[in-house]
Amino acid sequence: MTEQTKELAGCAAILEKHPGEGRDSLIPILQEIQENHGYLSEAAIVAVGKHLKLPTSKIYGVATFYNQFRFQPVGKYHIQVCRGTACHVLGSLSVLEHLEKEIKLKKGNTSKDGLFSIEVVACIGACGLAPVISINGEFHAKVSPERIKKIVNDLRRNHE
Amino acid sequence: MNIEVNNKIIQAQEGDTILDALKRNGMSVPTLCHMKDLFPSGACRMCVVEMEGSRNLVTACSYPATEGMKIKTHSDRVIHARKTIIELLLSNHPDDCLYCIRNNHCELQTLAAKHNITERRISGKKNDYKLDISSASIVRDPAKCILCGRCVRVCEEVEGVSAIDFSGRGNKTVIETAFRKGMNVSSCINCGQCITVCPTGALDEFAHFKEIHTAINDPKKRVVVQHAPSISITIAEEFGLAAGTNVIGVMNAALRKIGFDVVFDSSFTADLTIMEESAELIHRIQNGGVLPMFTSCCPGWVKYAEQAHPELLPNLSSCKSPQQMMGALIKGFYAEKEGIKPEDIYSVGIMPCTAKKFEAQREEMTHNGITDVDAVLTTRELAKLIRLYGIDIHSLQPELTDNPLGTRSSAGKLFGASGGVMEAAIRTAYFKLTGEEMIEYKVETIRQDKLRREMSLNVAGLDLNVAVVTTFLELERLLKDIKSGKSKAQFIEVMACPQGCISGGGQPIVPSPEAIKQRRMALYDIDDKSAIRASHQNPFIIQLYNEYLGEPLGEKSHHYLHTHYHERDVLL
Ligand code: SF4
Ligand code: SF4
Ligand code: SF4
Ligand code: FES
Ligand code: FES
């Protein structure tokens, strides 16, 4: 099975659990698909639209309203940048900006080579370590713009 | 019921909003997101008023009028609130009114001027949204969008297409197609209704001015223009004339002044469409062909069918639209007759419709790699061109259109309004089946001002059930009724725009439904007063068949006037 047929089969199974048309079950369906597959692909949204009889523009509109939904698969290194209050006070914005510059990637996206993705999240409960980022679930404490450079370089080297 | 407005008592009716009551009494407050006949969304808060007993200002467009309520429409507080809203809208707006297509016709500009806003007090970060020029018809400039939502609502709640919607949130909110892809791969059917409701320059038609100028200035090119049935009426409004004024003569003169060499009338090929389409209908009925048959002259509808109902494509009449029949005749028949090469002709359509721009560039609309219609201008664009050339239409002498493709019956002219194709088709089908003319041409049922009209006729023992429908919201309801057997329609006229082409997306932008009614009445008036009221009586149509085409549905007709459509994959 190719990646896409696998994904669509998973999608069909989820849709089967939510019979009926209309918007009511839209969010739960999108959440399940994302949980299952990591992101919302175009094909998945088209399938949801057919099932619920909703235009894709509407589904896309709803999905982009919530920060939780992704429209690209996450990268090999999925970097979450905390923008909660504690991290903000200690400079998380500049961390994010440096990260974006270092990888040449805007938050919410995945790099073309599939290596990195950046996501902005609310407080991840590690305020003592602020400003904090998490890479594939592993926390990096008190990151500074200089540390960002090193972390990214290490990951790149790791990959090679 | 009585309500008190600015210390005076006025009358309101049960079910009125405050805004309705104000308008009923010749008053008003500014609005932005409000759209007549649609449920108020209360999103922009431009229409706020002060209401006694309420701490917050209320939105006049959605707040119901109640007995004894006391409101102030222009108190200091209200004016200040409105001013702030406008200032916020302007805070991140690109400052390029001078270069904007809506300069002098922009509601935001007018509101700012009315509220005497002369300096930038609030500065916001400008966004860097890119133009979307992927569509052959519609250009979107999200940087100029003020998020009033009117385009989204007209697309969904009037047209039934939903190609665009709000996406993102907060200050990242933007009107988008699905996946932020270009309009060209969206479900947009190019009707342009969103342009006509947009208060700013965020939506516009795709312009072809440059190519037209080049062609006009090229001595080797013969530049031929055709104008659609409704243009001679609607363009009047662009020049300050009353809605419904027919200016065909001076429009012809203006077109020649601009430099068009030959002026033809798409109403002539509307007559031709009727000849072919009525023959096709009778053929289908008598030979067990695919029914119901749908008209195919609205390119918005054709695209909708291709993407949303490919199963209905065999039901679409194979006739091209009048624009494309004319295009094919100009570079075929006319070129031959004049002894010029088709590639030396530049063919321009003046259309009420942005979807006609899309239609003109379709692959089906070419012969030997040469496009039949090279460029399309909307009514609005023709008005711009006339102004650009400094032509004063008020001082021109009327001129006639050119023959052999410029004389019409009034049946062809009726194509400009929803129901017109049907009335014209009935006149000719009746004649073909009975050999006699109808005693009364006018079919009142078809002229009703509703989204759907159905009726059955008995012609020479043949029962004919017909339906006329506009917008896809209503079309979907009709299709359901056909499936359930509730509707027995065999011949269905479909137009995308609510009242047909007189309310097309390329027409002058009028906020008043009254103007659209006047446009329609003008077409009926022309019909009442015409000597030739049926397509088959048009002497130039008869001559064209005698000299060139032979028979309706004949071999030449098939080559030039008919086509087939294919399923289209878009993001529905
Ligand atoms: S042109 Fe018509 S279909 Fe396309 S977005 Fe505008 S209103 Fe919708
Ligand atoms: S594009 Fe125009 S009509 Fe649509 S939301 Fe923006 S300003 Fe309003
Ligand atoms: S109804 Fe007329 S103006 Fe509207 S999309 Fe169809 S052809 Fe164009
Ligand atoms: S604010 Fe960043 S971890 Fe709590
Ligand atoms: S016009 Fe009333 S809220 Fe927008």
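**Close-up views: salt bridges and the A–B interface**

**View 1. B:Lys181 forms a salt bridge with A:Glu42, the closest N and O atoms being 2.9 Å apart.** A salt bridge here is a side-chain nitrogen of Lys or Arg within 4 Å of a carboxyl oxygen of Asp or Glu. Across the interface of chain A and chain B, the rule finds three salt bridges. This is a predicted model: local features need pLDDT of at least 70, side-chain atom pairs count only at pLDDT 80 or more, and totals for chains, interfaces and linings use all residues. Residues are numbered from 1 along each chain as its sequence is written, chains are lettered from A in the order in which they are written, and side-chain values use heavy atoms, leaving out hydrogens and water.

**View 2. Chain A meets chain B through 13 residues of chain A and 16 residues of chain B (contact: heavy atoms within 4.5 Å).** The two chains bury about 1,300 Å² between them, 55% of it on carbon and sulfur atoms. Buried area is the accessible area (1.4 Å probe) that two parts lose on being put together, summed over both. In chain A, A:Glu42, A:Ser57 and A:Tyr60 lose the most area to chain B, together 40% of what that side buries.

**View 3. B:Glu306 pairs with B:Arg568 in a salt bridge, with closest N and O atoms 2.9 Å apart.** The pair links distant parts of chain B, 262 residues apart. B:Glu306 lies in helix H10 (residues 299-308), and B:Arg568 in the segment after helix H19 (555-561). Helices are DSSP runs (H or I, at least four residues), numbered from the N terminus. B:Glu306 is buried at 1% relative accessible area. B:Arg568 is partly exposed at 26%. Buried means under 20% relative accessible area, exposed over 50%, partly exposed in between (1.4 Å probe, protein chains only).

**View 4. B:Arg140 and B:Asp132 form a salt bridge, the closest N and O atoms being 3.7 Å apart.** Both residues, B:Arg140 and B:Asp132, are buried.

**View 5. B:Glu454 forms a salt bridge with B:Arg452, with closest N and O atoms 3.0 Å apart.** B:Glu454 is partly exposed at 32% relative accessibility. B:Arg452 is buried at 16%. Elsewhere, salt bridges that share partners join B:Glu423, B:Arg427, B:Arg447, B:Asp527 and B:Arg533 into one network. Over all chains, the structure holds 44 salt bridges.

**View 6. A:Cys127 is partly exposed, with a relative accessible area of 42%.** B:Cys145 is partly exposed too, at 24%. A search of the whole structure finds zero disulfides over all chains (cysteine sulfur atoms within 2.5 Å).

Definitions and conventions. Helix = DSSP H or I, 4+ residues; strand = E, 2+ residues; numbered from the N terminus.
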